[in-house]
Amino acid sequence: MGGDGLVPGSARLHLIDGLPLLRPDEQVFEAMIKGWRNQQLARNLSPGYVDDQERTVRAFVRHADAMPWQWTPQHVDEWSADLRTVHGI
């Protein structure tokens, strides 16, 4: 941790105080994905596996038309049904 009590790489270090985000949902989501990728790579997971996981999350976001903090069990049920019935997975 830095002398200010913040963890290096935390969002506060990337954002300028008082500056509003242009597209906050998209920007927060991208920061979440980047942090999640870094966490997985730090666990020594293969880059190919991490890429696959990211693609899955992004596909779910497109299907649900909602950000992760808006997801509901219904989104998962609909996606699972779509994968089974439409895509045969």
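Is aspartate 52 buried, exposed or partly exposed? Aspartate 52 is partly exposed, at a relative accessible area of 38%; buried stands for under 20%, exposed for over 50%, and partly exposed for the range in between (1.4 Å probe, protein chains only).

The views below come from a predicted model, in which local features need pLDDT of at least 70 and side-chain atom pairs count only at pLDDT 80 or more, while totals for chains, interfaces and linings use all residues. Residues are numbered from 1 along each chain as its sequence is written, and side-chain values use heavy atoms, with hydrogens and water left out.

**View 1. The salt bridge between aspartate 52 and arginine 55.** The closest N and O atoms of aspartate 52 and arginine 55 are 2.3 Å apart. A salt bridge here is a side-chain nitrogen of Lys or Arg within 4 Å of a carboxyl oxygen of Asp or Glu. The two residues are separated by about one helical turn because they stand three residues apart in helix H3. Helices (H or I, at least four residues) and strands (E, at least two) are DSSP runs, numbered from the N terminus. By the salt-bridge rule, the count comes to six.

**View 2. Arginine 37 and aspartate 51.** The side chains of arginine 37 and aspartate 51 form a salt bridge, with an N to O distance of 2.9 Å. Arginine 37 belongs to helix H2 and aspartate 51 to helix H3, so this pair ties together parts that are 14 residues apart in sequence. A polar contact of 2.9 Å also joins the two side chains; the term covers a pair of N or O atoms within 3.5 Å where, within protein, one must be able to donate a hydrogen and the other to accept it, and residues adjacent in sequence count only if both atoms are side-chain atoms. Leaving aside residues up to four places away in sequence, arginine 37 touches Val50, Asp51 and Glu54, contact being heavy atoms within 4.5 Å. Aspartate 51 is partly exposed, with 30% relative accessible area.

**View 3. Glutamate 30 and arginine 58.** A salt bridge of 2.8 Å (N to O) joins the side chains of glutamate 30 and arginine 58. The pair links distant parts of the chain, with glutamate 30 in helix H2 and arginine 58 in helix H3, 28 residues apart. Both are partly exposed: glutamate 30 has a relative accessible area of 38%, and arginine 58 has 23%.

**View 4. The largest nonpolar core.** Its five residues are Phe29, Ile33, Val57, Val61 and Met67. Helix H2 (24–42) and helix H3 (47–64) are the elements that give two or more residues to this core. Such a core is a set of buried Ala, Val, Leu, Ile, Met, Phe, Trp, Tyr and Cys residues joined through side-chain atoms within 4.5 Å. Not counting residues up to four places away in sequence, valine 57 touches Phe29, Ile33, Trp36 and Trp71.

**View 5. Leucine 83 in helix H4.** Helix H4 spans residues 73–85. Leucine 83 is partly exposed, at 23% relative accessibility. With residues up to four places away in sequence set aside, leucine 83 touches Gly88 and Ile89.
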